[in-house]
Amino acid sequence: MVEKWTMKGSLLGACNCDWGCPCNFDAPPTHGHCEGMYIWVVREGRYGDVPLGGLRFGWGGRSPGPLHEGHGTAIVVIDEEATTEQRHAVEELTRTGEAGLPFDIFESVTETWLDTLVTSIDVELDGINSRATMGGDVYELELSRIKNPVTGEEEELYLDKPTGFTSTRAELGSAVLERFAHAGLSWKSRHTYGEYSEFSYEGP
């Protein structure tokens, strides 16, 4: 049974779609399939009696078609500095389908779960210019603002979506580089969709 929980912090996201990501507008993915990663950096929160502040974890994977159609292959990555209790909390939140948003949606579209990976997760938070790595060479993400193709100046872009399930306001940008390789699952994208947001969740 999932414990009562709360969580606030920063969220990084990237995928293989064009800037803006059609999924944000309930449209099919740019290339027909979806592959990417979300990384949560928890500033404060609790799972039952377990404090979650300082926790870092990710959910990533590939969907053969639009994410909402399911049949995805996914992996949960938990920072090696997380306590045993925090690791259990992440497993309960992401895999049971009983935690509430946003995790139940990810669980519902996942057909094949890879074994959870516990490894280093290093994040440099700087808004839409944030960076992240996992396990040295397992995952790398570099975000930036989109540059105007005529002037070369950075564009500041936001998406306000009250019905958003990962966040209700995100700064949209570019994943200068996103790559993942582990357990037979891999992808590599350059100058595709990236986002940064603040999140606040609770459940069940």
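**Salt bridges and charged residues in a predicted model**

Good morning. Let me begin with Arg62, which is partly exposed because its relative accessible area is 30%. Here buried means under 20% relative accessible area, exposed means over 50%, and partly exposed lies in between, with a 1.4 Å probe and protein chains only. The model is predicted, so to speak of it plainly: local features need pLDDT of at least 70, side-chain atom pairs count only at pLDDT 80 or more, and totals for chains, interfaces and linings use all residues. Residues are numbered from 1 along each chain as its sequence is written, and side-chain values use heavy atoms, with hydrogens and water left out.

What does Arg62 pair with in a salt bridge? The partner is Glu35, and the closest N and O atoms are 2.9 Å apart. A salt bridge is counted when a side-chain nitrogen of Lys or Arg lies within 4 Å of a carboxyl oxygen of Asp or Glu. This pair links distant parts of the chain: Arg62 belongs to strand β4 and Glu35 to strand β2 (residues 34–47), 27 residues apart. Helices (H or I, at least four residues) and strands (E, at least two) are DSSP runs, numbered from the N terminus.

Across the whole structure, a search finds 10 salt bridges. One of them joins Glu91 to Arg95, again with the closest N and O atoms 2.9 Å apart. Both residues lie in helix α1, 4 residues apart, which is about one turn of the helix. Glu91, at 23% relative accessible area, is partly exposed, and Arg95, at 26%, counts as partly exposed.

A further salt bridge brings together the side chains of Glu142 and Arg131, at 3.3 Å from N to O. Glu142 sits in strand β10 (residues 139–144) and Arg131 in strand β9 (residues 131–134), so the pair ties together parts that are 11 residues apart in sequence. Glu142 counts as partly exposed at 23% relative accessibility, and Arg131 is partly exposed at 40%.

Which residues are linked in a network of salt bridges? They are Arg56, Asp79 and Glu81. Glu81 is found in the loop between β5 (72–79) and α1 (84–95). With a relative accessible area of 63%, Glu81 is exposed. Its side chain makes a polar contact with the side chain of Arg56 at 3.4 Å. A polar contact is a pair of N or O atoms within 3.5 Å; within protein, one must be able to donate a hydrogen and the other to accept it, and residues adjacent in sequence count only if both atoms are side-chain atoms. Glu81 and Arg95 are 14 residues apart in sequence and 21 Å apart in space, C-alpha to C-alpha.

Finally, the surface. Glu80, Asp122, Glu124 and Asp126 form a negative surface patch. Patches are made of residues with over 30% relative accessible area and no salt bridge; like charges are joined within 9 Å, and nonpolar side chains (Val, Leu, Ile, Met, Phe, Trp, Tyr) within 5 Å. Among the patch members, Asp122 is placed in strand β8 (residues 121–124). Asp122 is partly exposed, its relative accessible area being 47%. Thank you.

Definitions and conventions. Areas by Shrake-Rupley, 256 points an atom, 1.4 Å probe, with all protein chains shown as cover. Lys, Arg positive; Asp, Glu negative; His and termini not counted. Charge placed at Lys NZ, Arg CZ, Asp CG, Glu CD.
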